[in-house]
Amino acid sequence: MPVDRPPKRRFVILISGQGSNMREIVQHCRTVGAPADFVRVISNQPDAPGLAWALAQGIPTGVISHRDFGSREAFDGALAQAIAESEPDYVLLAGFMRILTSGFVARFEQRLVNIHPSLLPAFPGLHTHAQALNLGVAWHGCTVHFVTDQLDHGPIISQAALPVREGETVESLAARVLRLEHQLYPRVAQWLAEGRVSMTVQGRVHVNGVQDRHFWSAV
Ligand code: GRF
(Lines give C-alpha, C1' and ligand atoms only; values in the text may rest on other atoms or scores of the structure.)
Protein backbone atom coordinates (compact mmCIF):
# COMPACT_ATOMS: atom_id res chain seq x y z
CA MET A 1 0.00 0.00 0.00
CA PRO A 2 1.65 3.28 -1.05
CA VAL A 3 2.33 5.66 1.82
CA ASP A 4 0.10 8.75 1.61
CA ARG A 5 2.57 11.47 0.74
CA PRO A 6 1.67 15.17 1.14
CA PRO A 7 0.99 16.83 -2.23
CA LYS A 8 4.01 18.56 -3.67
CA ARG A 9 3.95 22.34 -3.70
CA ARG A 10 4.33 23.94 -7.12
CA PHE A 11 7.13 26.46 -7.74
CA VAL A 12 7.69 28.89 -10.59
CA ILE A 13 11.15 30.45 -10.58
CA LEU A 14 11.91 33.79 -12.28
CA ILE A 15 15.47 34.48 -13.47
CA SER A 16 17.30 37.09 -15.54
CA GLY A 17 20.76 35.58 -15.95
CA GLN A 18 22.97 32.71 -14.75
CA GLY A 19 20.29 31.38 -12.44
CA SER A 20 22.85 30.07 -9.94
CA ASN A 21 20.30 30.46 -7.14
CA MET A 22 17.73 28.56 -9.22
CA ARG A 23 20.22 25.74 -9.79
CA GLU A 24 21.07 25.46 -6.09
CA ILE A 25 17.38 25.49 -5.11
CA VAL A 26 16.39 22.76 -7.58
CA GLN A 27 19.40 20.57 -6.81
CA HIS A 28 18.97 20.88 -3.05
CA CYS A 29 15.23 20.15 -3.06
CA ARG A 30 15.69 17.14 -5.32
CA THR A 31 18.61 15.86 -3.17
CA VAL A 32 16.69 16.06 0.10
CA GLY A 33 13.43 14.91 -1.45
CA ALA A 34 11.51 18.08 -0.57
CA PRO A 35 7.85 17.93 -1.72
CA ALA A 36 8.48 20.49 -4.46
CA ASP A 37 7.48 20.51 -8.12
CA PHE A 38 9.42 23.04 -10.19
CA VAL A 39 6.75 23.59 -12.82
CA ARG A 40 8.32 26.42 -14.82
CA VAL A 41 11.34 28.69 -15.07
CA ILE A 42 10.61 32.04 -16.73
CA SER A 43 13.10 34.74 -17.72
CA ASN A 44 12.72 38.29 -18.98
CA GLN A 45 16.00 37.81 -20.84
CA PRO A 46 15.80 35.51 -23.91
CA ASP A 47 19.51 34.65 -23.64
CA ALA A 48 19.56 33.90 -19.90
CA PRO A 49 21.96 30.95 -19.49
CA GLY A 50 19.78 29.60 -16.69
CA LEU A 51 17.06 28.71 -19.23
CA ALA A 52 19.19 26.06 -20.92
CA TRP A 53 20.07 24.52 -17.57
CA ALA A 54 16.41 24.34 -16.54
CA LEU A 55 15.42 22.74 -19.83
CA ALA A 56 18.20 20.16 -19.43
CA GLN A 57 16.70 19.34 -16.03
CA GLY A 58 13.33 18.72 -17.66
CA ILE A 59 11.80 21.91 -16.28
CA PRO A 60 9.55 23.77 -18.78
CA THR A 61 10.79 27.28 -19.48
CA GLY A 62 9.37 30.50 -20.87
CA VAL A 63 10.60 33.92 -21.94
CA ILE A 64 8.59 37.10 -21.43
CA SER A 65 10.87 39.80 -22.73
CA HIS A 66 10.24 43.23 -21.25
CA ARG A 67 11.51 44.69 -24.53
CA ASP A 68 8.35 43.40 -26.25
CA PHE A 69 6.03 45.57 -24.17
CA GLY A 70 5.33 49.28 -24.20
CA SER A 71 4.87 49.66 -20.47
CA ARG A 72 5.85 48.09 -17.17
CA GLU A 73 2.18 47.29 -16.56
CA ALA A 74 1.82 45.49 -19.90
CA PHE A 75 4.95 43.42 -19.25
CA ASP A 76 3.86 42.58 -15.71
CA GLY A 77 0.41 41.60 -17.00
CA ALA A 78 1.86 39.16 -19.54
CA LEU A 79 4.29 37.78 -16.96
CA ALA A 80 1.50 37.33 -14.41
CA GLN A 81 -0.61 35.47 -16.96
CA ALA A 82 2.27 33.14 -17.85
CA ILE A 83 2.89 32.44 -14.17
CA ALA A 84 -0.79 31.94 -13.31
CA GLU A 85 -1.10 29.29 -16.04
CA SER A 86 1.33 27.16 -14.02
CA GLU A 87 -0.83 27.48 -10.90
CA PRO A 88 2.11 27.97 -8.51
CA ASP A 89 1.99 27.75 -4.76
CA TYR A 90 5.08 29.97 -4.70
CA VAL A 91 6.92 32.21 -7.15
CA LEU A 92 10.64 32.48 -6.37
CA LEU A 93 12.54 35.50 -7.74
CA ALA A 94 16.12 34.28 -8.17
CA GLY A 95 18.37 36.92 -9.65
CA PHE A 96 15.33 38.41 -11.33
CA MET A 97 16.37 41.95 -12.20
CA ARG A 98 13.01 43.68 -12.64
CA ILE A 99 11.03 45.89 -10.27
CA LEU A 100 7.47 44.56 -10.24
CA THR A 101 4.36 46.73 -10.20
CA SER A 102 2.02 46.77 -7.22
CA GLY A 103 -0.67 45.12 -9.34
CA PHE A 104 1.60 42.17 -10.04
CA VAL A 105 2.65 41.91 -6.40
CA ALA A 106 -0.97 42.04 -5.20
CA ARG A 107 -1.85 39.15 -7.52
CA PHE A 108 0.81 36.89 -5.98
CA GLU A 109 1.39 38.46 -2.57
CA GLN A 110 2.23 35.96 0.21
CA ARG A 111 3.38 33.63 -2.55
CA LEU A 112 6.13 35.88 -3.96
CA VAL A 113 9.64 35.38 -2.53
CA ASN A 114 12.91 37.15 -3.32
CA ILE A 115 16.56 37.00 -2.34
CA HIS A 116 18.40 40.28 -1.82
CA PRO A 117 22.20 40.47 -1.42
CA SER A 118 22.28 42.43 1.84
CA LEU A 119 21.05 42.19 5.42
CA LEU A 120 17.77 44.10 4.93
CA PRO A 121 16.67 46.67 5.83
CA ALA A 122 20.26 47.73 5.23
CA PHE A 123 21.15 48.55 1.62
CA PRO A 124 17.95 48.09 -0.41
CA GLY A 125 18.31 48.57 -4.16
CA LEU A 126 21.40 47.97 -6.27
CA HIS A 127 25.19 47.88 -5.60
CA THR A 128 24.69 46.50 -2.11
CA HIS A 129 28.29 45.31 -1.70
CA ALA A 130 29.72 48.70 -2.64
CA GLN A 131 27.29 50.32 -0.19
CA ALA A 132 28.45 47.94 2.55
CA LEU A 133 32.15 48.58 1.89
CA ASN A 134 31.65 52.35 1.62
CA LEU A 135 30.03 52.41 5.06
CA GLY A 136 32.58 50.00 6.54
CA VAL A 137 30.03 47.60 8.02
CA ALA A 138 31.40 44.70 10.02
CA TRP A 139 28.70 42.28 8.89
CA HIS A 140 27.06 41.81 5.50
CA GLY A 141 25.02 39.01 3.93
CA CYS A 142 21.75 38.17 2.22
CA THR A 143 18.03 38.07 2.96
CA VAL A 144 15.17 35.94 1.68
CA HIS A 145 11.87 37.78 2.11
CA PHE A 146 8.28 37.92 0.90
CA VAL A 147 7.83 40.57 -1.77
CA THR A 148 5.51 43.49 -1.10
CA ASP A 149 5.02 46.62 -3.19
CA GLN A 150 7.68 48.36 -1.09
CA LEU A 151 10.96 47.47 -2.82
CA ASP A 152 13.25 45.17 -0.78
CA HIS A 153 11.19 45.64 2.41
CA GLY A 154 8.91 42.61 2.68
CA PRO A 155 8.57 40.28 5.70
CA ILE A 156 11.89 38.53 6.30
CA ILE A 157 11.89 34.73 6.12
CA SER A 158 15.60 34.14 6.77
CA GLN A 159 18.96 35.89 6.74
CA ALA A 160 22.56 34.72 6.46
CA ALA A 161 25.47 36.91 7.57
CA LEU A 162 29.23 36.95 7.07
CA PRO A 163 32.05 39.02 8.56
CA VAL A 164 33.50 41.60 6.15
CA ARG A 165 37.26 41.09 5.92
CA GLU A 166 40.03 43.71 5.83
CA GLY A 167 40.98 44.60 2.24
CA GLU A 168 37.74 43.14 0.88
CA THR A 169 36.83 44.26 -2.63
CA VAL A 170 33.34 44.51 -4.15
CA GLU A 171 34.15 41.45 -6.25
CA SER A 172 35.43 39.31 -3.37
CA LEU A 173 32.51 40.31 -1.15
CA ALA A 174 29.97 39.66 -3.93
CA ALA A 175 31.43 36.19 -4.49
CA ARG A 176 31.28 35.38 -0.76
CA VAL A 177 27.68 36.64 -0.46
CA LEU A 178 26.64 34.62 -3.53
CA ARG A 179 28.05 31.48 -1.88
CA LEU A 180 25.98 32.37 1.19
CA GLU A 181 22.88 32.85 -0.99
CA HIS A 182 23.41 29.33 -2.29
CA GLN A 183 23.17 28.07 1.29
CA LEU A 184 20.24 30.28 2.29
CA TYR A 185 17.71 30.15 -0.55
CA PRO A 186 17.60 26.33 -0.96
CA ARG A 187 16.80 25.79 2.71
CA VAL A 188 14.03 28.42 2.57
CA ALA A 189 12.64 26.76 -0.59
CA GLN A 190 12.62 23.44 1.30
CA TRP A 191 10.73 25.03 4.21
CA LEU A 192 8.20 26.51 1.76
CA ALA A 193 7.75 23.13 0.08
CA GLU A 194 7.24 21.50 3.49
CA GLY A 195 4.55 24.03 4.39
CA ARG A 196 6.49 25.37 7.38
CA VAL A 197 6.28 29.08 6.53
CA SER A 198 3.37 31.26 7.67
CA MET A 199 2.63 34.83 8.71
CA THR A 200 1.80 35.91 12.25
CA VAL A 201 -0.92 38.45 12.99
CA GLN A 202 1.86 40.98 13.63
CA GLY A 203 2.99 40.53 10.01
CA ARG A 204 6.12 38.58 10.96
CA VAL A 205 7.17 35.30 9.37
CA HIS A 206 6.91 32.09 11.41
CA VAL A 207 8.84 28.99 10.34
CA ASN A 208 7.37 25.95 12.06
CA GLY A 209 9.75 23.33 13.47
CA VAL A 210 12.98 25.14 12.60
CA GLN A 211 15.24 26.19 15.48
CA ASP A 212 17.88 28.33 13.78
CA ARG A 213 16.14 30.24 11.00
CA HIS A 214 19.09 32.53 10.47
CA PHE A 215 22.78 31.75 10.42
CA TRP A 216 26.16 33.25 9.85
CA SER A 217 29.20 31.81 8.16
CA ALA A 218 32.75 32.94 7.51
CA VAL A 219 32.50 31.64 3.88
C1 GRF B 1 23.48 37.89 -7.86
O2 GRF B 1 24.14 39.15 -7.80
C3 GRF B 1 22.75 37.66 -6.57
O4 GRF B 1 23.40 38.33 -5.50
C5 GRF B 1 21.40 38.26 -6.80
O6 GRF B 1 21.14 38.12 -8.20
C7 GRF B 1 22.39 38.00 -8.91
C8 GRF B 1 22.42 36.82 -9.88
O9 GRF B 1 21.97 35.69 -9.22
N10 GRF B 1 20.41 37.56 -6.00
P11 GRF B 1 21.76 34.28 -10.04
O12 GRF B 1 23.14 33.72 -10.24
O13 GRF B 1 21.13 34.62 -11.39
O14 GRF B 1 20.90 33.46 -9.16
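A salt bridge here is a side-chain nitrogen of Lys or Arg within 4 Å of a carboxyl oxygen of Asp or Glu. The model is predicted: local features need pLDDT of at least 70, side-chain atom pairs count only at pLDDT 80 or more, and totals for chains, interfaces and linings use all residues. Residues are numbered from 1 along each chain as its sequence is written, and side-chain values use heavy atoms, leaving out hydrogens and water.

**View 1. Salt bridges.** The structure holds 2 salt bridges. Arg176 pairs with Glu168, their closest N and O atoms 2.6 Å apart. Arg176 is buried at 2% relative accessible area (buried is under 20%, exposed over 50%, partly exposed in between; 1.4 Å probe, protein chains only). Glu168 is buried too, at 14%. Glu194 bridges to Arg196, again with closest N and O atoms 2.6 Å apart. Here Glu194 is partly exposed at 31%, and Arg196 is partly exposed at 28%.

View 2. Helices (H or I, at least four residues) and strands (E, at least two) are DSSP runs, numbered from the N terminus. In β5, 5 of the 5 residues are buried, so the strand is largely enclosed by the rest of the structure. Leu112, Asn114 and His116 lie on one side, Val113 and Ile115 on the other. Strands pair if DSSP finds at least two bridges between them. β5 pairs with β6 (residues 139-146) in the antiparallel sense over 4 bridges. Val113 has Phe146 as its bridge partner in β6. With β4 (residues 90-93), β5 pairs in the parallel sense over 3 bridges. Val91 stands opposite Leu112. From β4 the chain crosses through helix α4 (residues 102-108) to β5 in a right-handed β-α-β crossover (with the strands pointing away from the viewer, the path from the first strand over the helix to the second runs clockwise).

**View 3. The largest pocket.** A pocket is an open set of points on a 1 Å grid over the protein atoms alone, where a 1.4 Å probe fits, with protein on both sides within 12 Å along at least five of seven lines; lining residues have an atom within 4 Å of a point. The largest pocket holds about 1,000 Å³ of space. Its lining comprises 35 residues, with Gly95, Phe96, Met97, Ile115 and Pro117 nearest the centre. α1 (20-32), β5 (112-116), α5 (128-135) and α6 (170-193) each supply at least two lining residues. α6 gives the most, with 4 residues.

Key:
Grid points are joined across faces, edges and corners, and a volume is the space filled by probe spheres set on the points.
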